[in-house]
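Dear colleague,

I am handing over the structure below, and after it you will find a description of what turned up. Please keep it open while you read.

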Amino acid sequence: MHRKHAVSWITSCASPVRYRLTPLGIAFLIGLFVLALSAPPEPAGVSSSLAASVPARDAGYPLALPGYTYEFPRDHGSHDRFRTEWWYFTGHLFGRDGRRLGYELTFFRRALRPETPRQGGSRWAIHQLYLAHFAISDVAENRFLYTERLSRAALGKAGSASGRLRVWIDRWSAETTSPDHDTVSLRATGDGFAIDLRLTPLKPPVIHGLDGISRKGDGHGQASHYYSFTRLRTEGTVRLPSETLQVNGTSWMDHEFGSADLGEGQVGWDWFSVQLQDRTELMLYLLRRADGSPDPASSGTFIATDGHARHLTIDDLTITVLAHWNSAASGARYPSAWRVDVPSLGLSLTLSPLMAKQELITGRSTQVTYWEGAVTIEGTRHGEPIHGHGYVELTGYAEPFDRRL
């Protein structure tokens, strides 16, 4: 759900309690203040001091509601009327010598006010904020590299297209590069590491949830519009501090947009993507409540070899934590191995991290600490051995998420 998901990751960008005023942070806040002087006013009846606590539907943002009809390539693009959106890529890559790598590249869009007519508005006005995370898991070296970006949409520093996939921050980008919108190009660069990848879907997009929405709670509009490319052939180059590798492998892409917050009592989520060698896939997310139990809105999707999707409820699956890992950097204690059982599918899988240390502490962008890591998978399907690989995201373990945006 990502990936992203119940949109409260952006909360800390506005939270004076969590925000550490580094020189970069001070400069950014000053910039926001200056640029806000030329921005259009808040909607009538919604003051700046109260906007964070006003429900999305009352603040002028549409909610994700049943009956939404997806249309591609339109829905690969940006949906600026919704408050929050993300494009999320993860994958397993292999060098010609068998060198194994995992990667993550994620772009977030956050609307700072509902869409309003912009006639006469300043080019400097901030309407959208963009944030991004980029990480590489170098398994052979047991090395986790990550970096982050934050930028306003004004003056072309960052942005996203409507009607097709194109999102960028500076020189980081994800965009379709073919007339049929099938080939996706990913580019990102950190300090001594980078990716330049081409992704081609091997299956059509899969829509999660029911009736066009993926529920995150039982409240009105507490949902998102969420779809995935669950299997993308991937090739290109990965630059590491001491070498550049030609790679190929398999990626997963999530795209999610909506305007709702986490539900009352929800403190985080565990998200799983599974790609099995029989060309089936599985997506699961558990929304965690304060007592550690899964929220009833937790769900998943099984994708058959022909691309047909089957919705799974929390009653269809059991996820058992088998081990934990303690982060010396954040002090968080994360689950670190899992057994996933889906009896109706005859599936029993064990997921094990390729590396324990795959934690991102994003103090210069979303202000969220989370674990996002490559995993290997072994198990059985109807009693026969099966294996694969996947990614797991764990949020709310370093600190509970605040529901306010």
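Ring pairs join Y68, Y70, F72, F82, Y227, F229 and F257 into a cluster, where the rings of Phe, Tyr and Trp (for Trp, its six-membered ring) pair if their centres lie within 6.5 Å, with planes under 30 degrees apart called stacked, over 60 edge-to-face and the rest tilted. Before going on, please note that this is a predicted model, in which local features need pLDDT of at least 70 and side-chain atom pairs count only at pLDDT 80 or more, while totals for chains, interfaces and linings use all residues. Residues are numbered from 1 along each chain as its sequence is written, and side-chain values use heavy atoms, with hydrogens and water left out.

In the whole structure, a search finds 16 aromatic pairs. Y70 and Y227 form an edge-to-face pair, because their ring centres are 6.1 Å apart and their planes stand at 80°. This pair links distant parts of the chain, since Y70 belongs to the loop between α1 (23-36) and β1 (84-95), whereas Y227 belongs to strand β12, 157 residues apart; helices (H or I, at least four residues) and strands (E, at least two) are DSSP runs numbered from the N terminus. Y70 has a relative accessible area of 12% and is therefore buried, and Y227, at 0%, is buried as well, where buried means under 20% relative accessible area, exposed over 50% and partly exposed in between (1.4 Å probe, protein chains only). The rings of W325 and Y334 also have their centres 6.1 Å apart, but their planes are at 20°, so this pair is stacked.

What does the protein look like as a whole? Its secondary structure comes to one helix and 23 strands, and of its 405 residues, 55% count as buried.

Finally, two charged ends sit over rings (CZ of Arg or NZ of Lys within 6 Å of the ring centre and within 35 degrees of the ring normal): that of R166 lies over the ring of W168, 4.1 Å from its centre, and that of R288 over the ring of Y397, 3.8 Å from its centre.

With kind regards
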